[in-house]
Amino acid sequence: MTRADLMALLPLLTLSMFCILTMLAIAVRRHHPTIAVLAAAGCLVTIATLPFSRSSQSHPVTDLLVFDSAALFYMGLLLSATTVIIGLSFRYLAVQVRQGEQSEEFYLLLLLATLGALVLTAAAHLVTLFLGLELIGVSLYGLIGYLRSRRTSLEAALKYVILSGSASAFLLFGMALLYFETGAMVFTDIGAHLLPATEVSALWLTGFLLVLVGVGFKLGLVPFHWWIPDVYQGAPAPVTAFVATVSKGAVFALLLRFIGDLNGLQVGAVVQLFAVLAALTMFIGNFLALLQNNVKRLLAYSSITHFGYVLVAFLAGGPLGAEAVTFYLVAYFIMTLGAFGVVSVLSEAGRDADQMDDYRGLLWMHPWLAGVFILMLLSLAGIPITIGFMGKFYAVAAGLGAGLWLLVLLLVINSAIAVYYYLRLVLTMVEQPLLPTDDVRVEPIGGRWIAVVSLGFVTAMLLSLGVYPGPLMAVIRDVFDPLLRPMAAS
Amino acid sequence: MILWTLILIPLLAAPVAWWSESRSREAPRWLAAGALTMNLILALFVVNQAESGNGRWLVETMEPWISQWGIGLHLGLDGVSLVLVLLTAFLGLVAIISSWTEISTRIGFFHFNLLVVLSGVFGVFLALDLFLFFVFWEVMLVPMYLLIAIWGHEQRRYAALKFFLFTQAGSLVLFVAIVALATLHGQHTGTPSFDYSALLALPIAPTVAWWLMLGFFLGFVVKLPAVPFHTWLPDAHTEAPTGGSVILAGLLLKTGAYGLLRFAIPLFPEASRDFAPVAMALGVAGILYGGVLAFAQTDFKRLVAYSSVSHLGFALVGIYALTGLALQGAIVQLVAHGISTGALFMLAGALQERLHTRDMRCMGGLWASVPRLSALALFFAVASLGLPGLANFVGEFLVLFGAYARHPLMAAFAAAGMVIAAVYSLALLQRTFFGPQVNNVVPDLSTVAFVALIIMGAVQVGLGWYPGLLLATTKPAIQSLLPADHLAVRVAESGKGTAFRNAKNPVELR
């Protein structure tokens with residue numbers, strides 16, 4: 001291993017070091033603020049190491065990992081998201097954790113899961129793929145069930161363990177088949193097997209499909225979405241935010257690389273499969289969201305739908321497709337963090353604020369908080385001057401550029417349907433409050449300002465990138481243009 | 001820069017108005033009124049500046065925005081925009097005056113929303129970049145939705161949701177068409193562009209043009225609204241607070257018509273010409289259907305709402321007649337309808353404030369107790385039925401005149417709409433203000449509202465007797481909007497005359 005390799009690995013090494021540091025710090029002294037600051041510092045320092053890891057070309061470190069600008073961009077995105085989530089968790093945990101429970105390990109698990117996510121963004125080998133996925137998965141078992149005195153939380157954790165386990169089994173079997181057929185575990189080598197032949201062998205396709213089942217599960221694509229609503233509802237709100245953003249985002253970054261390296265979009269069957277997945281995901285996610293009265297479940301189904309939109313951009317292929325996917329994911333991260341952030345700020349001891357009634361008249365009781373939530377919902381609905389609109393614009397433009405008329409039309413129809421349930425929530429917030437306005441709840445627990453800063457940051461990003469997205473677009477274009485991985489050739 | 005000022009004044013005044021509620025309950029009203037007065041003065045000032053323009057546009061400004069996609073902050077003002085901008089500032093003031101006594105809760109937030117809607121409307125009338133246009137187009141939507149949902153009447157939730165869903169669905173179709181157009185530009189020249197002038201010069205294959213034109217048409221016609229996309233309108237207009245109704249009827253509907261004549265027709269001249277008979281038929285259907293339904297209403301505001309469908313049918317016929325005369329008529333009709341319907345909604349709001357009902361079966365003989373209100377209602381009702389000497393007549397007459405040259409049959413049917421208009425307008429008056437007195441004596445119109453309505457009446461009379469002023473302002477703009485002219489320009493520029501069929505005989509302007 002050369003010095004250059006070590007430099008490239010720096011982000012992963014730094015974050016691992018902070019995981020260990022956090023663990024040791026907990027052993028030495030249990031002090032909630034210290035550990036939270038340590039975890040946040042871990043993320044920030046790791047972000048600071050990203051420029052050092054950057055080199056002019058993509059830098060493979062052994063066969064397992066590739067550090068290119070796309071991987072580094074996604075790492076930055078994931079780490080920023082984790083930082084925001086730590087900010088949101090602090091007060092949430094201070095409110096929720098009861099006597100005899102500890103809140104410190106939460107941050108350790110969060111860092112570990114993020115480490116897994118970083119590994120995924122750089123994975124170029126089936127082994128790192130599996131390693132990253134399991135690192136996220138196992139940490140999430142603990143995180144989802146973290147508030148163990150809550151029944152729903154435990155139920156969600158159990159559900160996640162079982163379903164995630166079976167998805168991993170599919171994934172492993174698929175990998176085995178791919179290896180059996182090609183004798184390779186590096187993505188590009190598996191893809192090289194494809195190149196000369198115009199038609200794909202059945203075994204290869206089966207293996208590929210099984211891997212896709214595993215990935216589709218993590219992304220919550222229909223028909224692998226069954227766990228999403230229950231886990232979103234049961235998990236503590238900051239963990240829900242983590243599952244919705246970091247976990248899904250990392251897997252999509254992996255999917256981009258995997259399909260790109262495999263030249264997957266050259267295979268007609270694969271394209272059709274993704275098109276069907278996208279259509280199903282958009283429609284079923286939307287229709288189920290229409291029926292929800294629980295805010296966290298509603299956001300869960302809405303997040304399913306959003307991955308349908310991302311798939312449309314993904315199917316466009318080429319650098320434009322990758323750009324659109326990445327931009328959309330940034331937008332999705334911002335608005336999802338904001339929405340779940342509001343949910344976690346509003347949660348009282350013992351339960352999350354997930355009933356519609358918790359939001360009735362919010363605009364008159366907490367105008368700022370409600371304003372943030374309304375902005376997030378409008379962004380999710382794709383209304384201009386928010387980044388959600390720019391994301392949708394990018395997806396539509398990529399889709400039309402690639403001639404995916406039908407899918408773009410479906411995307412648009414679904415956006416129109418989705419407006420209904422987002423507006424229902426907005427409407428609830430502008431109604432007369434149930435309680436008289438002067439009944440302001442006393443907030444005895446400190447640390448509220450951290451959540452305020454986190455939400456403020458997310459909102460500022462939402463608006464500034466919604467009004468002036470040029471710089472971000474330029475960065476993303478820079479990330480994907482010099483690469484022009486095989487996927488781009490299509 | 002002056003154009004941006006028009007958009008930014010209401011936009012920046014909006015949060016201040018919201019905040020100022022904590023100082024004084026009256027402050028938001030004065031602030032909003034002040035902001036719009038400034039805009040009105042500014043717009044009149046632009047009239048004087050008119051000569052300084054570059055020919056096509058009286059005032060134009062252009063800054064890059066998202067250069068990767070060829071999106072620019074491109075604003076331009078020609079005669080048509082100018083007239084509509086003036087109308088916006090004027091009706092904005094009217095809306096504030098009409099909510100002066102009606103809105104008593106959350107005054108700050110009300111005026112916040114009002115100002116943001118108006119800012120969006122100004123933007124729509126000025127934007128010359130399709131992306132920017134769409135942004136403004138959507139900016140109008142959410143605050144309007146909140147205006148209906150928070151301060152509306154009994155069925156406000158339903159009405160607000162319906163309004164939003166219909167218009168958003170239309171907007172999304174429009175959005176796809178816009179992006180597709182920009183993508184076409186990208187495929188043709190290598191760089192995508194949303195700029196109006198760049199897209200005008202873009203040659204488009206006939207079938208593609210037809211589909212894109214349909215997308216634009218759908219997006220705009222939902223807002224207009226034409227039959228059969230009109231069902232959101234009666235609900236939204238009826239349930240909205242008075243100020244909201246004035247803005248909806250007076251301005252938001254105009255944005256649909258404006259979109260058609262600014263974008264749909266010039267961008268796709270051939271496709272629009274082929275489609276014109278269908279569009280005119282929809283317009284005629286709207287005139288007749290809206291009129292008949294208006295007659296059947298018992299709710300004062302609902303009647304006026306259906307009459308809007310009928311009046312905007314005239315605008316649609318005028319726009320798609322594609323003759324200079326009819327287009328001019330359509331624009332006069334837009335202005336006239338904005339004023340007459342705005343006034344009628346204001347009167348309906350005043351009646352509801354006094355009687356706590358909009359049901360005309362519970363009204364009667366009001367003339368005795370509220371003579372000023374009743375007299376003004378008489379005036380605006382006959383204005384809306386098209387009495388010669390008032391502005392609506394000029395608009396409808398020009399539309400019919402211009403449309404007759406193209407489709408005599410359609411023009412004949414449309415003319416029947418004027419008869420129906422007389423029937424429902426007079427029925428409205430008779431049911432409400434004449435006959436035996438059934439209501440208690442209530443106070444007459446307040447002085448502020450009275451003065452506002454008198455001014456609106458004066459504008460009606462002025463435009464009715466001397467439409468030349470408006471016609472002269474819009475004439476150069478309309479000449480450049482007409483497909484025939486564009487065709488000539490395009491062929492000359494692209495040198496691909498074979499791609500287009502020859503224009504029908506160029507149309508003479510009066």
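Predicted model: local features only at pLDDT ≥ 70, side-chain atom pairs only at ≥ 80, totals over all residues.
Residues are numbered from 1 along each chain as its sequence is written, with chains lettered from A and ligands numbered from 1 in the order in which they are written. Local features need pLDDT of at least 70 and side-chain atom pairs count only at pLDDT 80 or more, while totals for chains, interfaces and linings use all residues.

**View 1. The side of chain A that touches chain B.** Here 23 residues of chain A are in contact (C-beta atoms, placed from the backbone, within 7 Å) with 22 residues of chain B. At least two residues each come from α16 (387–401), α17 (405–430) and α19 (470–480) of chain A; helices are DSSP runs of H or I, at least four residues, numbered from the N terminus. α17(A) gives the largest share, nine residues. By type, 19 residues of this side are nonpolar (Ala, Val, Leu, Ile, Met, Phe, Trp, Tyr, Cys and Pro), three are polar and one is charged (Asp, Glu, Lys and Arg; the others, Gly among them, are polar).

**View 2. Helices α17 (residues 391–406) and α19 (residues 447–465) of chain B.** Their axes, lines fitted to C-alpha atoms over the stretch in contact, come within 6 Å and cross at roughly 40°. Ala391(B), Phe393(B) and Val394(B) of α17(B) meet Gln460(B), Leu463(B) and Gly464(B) of α19(B).

**View 3. Pro229(A) in helix α9 (residues 227–234) of chain A.** Pro229(A) counts as buried (20 or more other C-beta atoms within 10 Å) because it has 23 such neighbours. Beyond its neighbours within four places in sequence, Pro229(A) is in contact with Arg297(A), Ala300(A) and Tyr301(A).

Note on methods. Contact = placed C-beta atoms within 7 Å. Axes fitted to C-alpha atoms, helices over the stretch in contact; angles between N-to-C directions. Buried ≥ 20, exposed ≤ 12 C-beta atoms within 10 Å, placed from the backbone.
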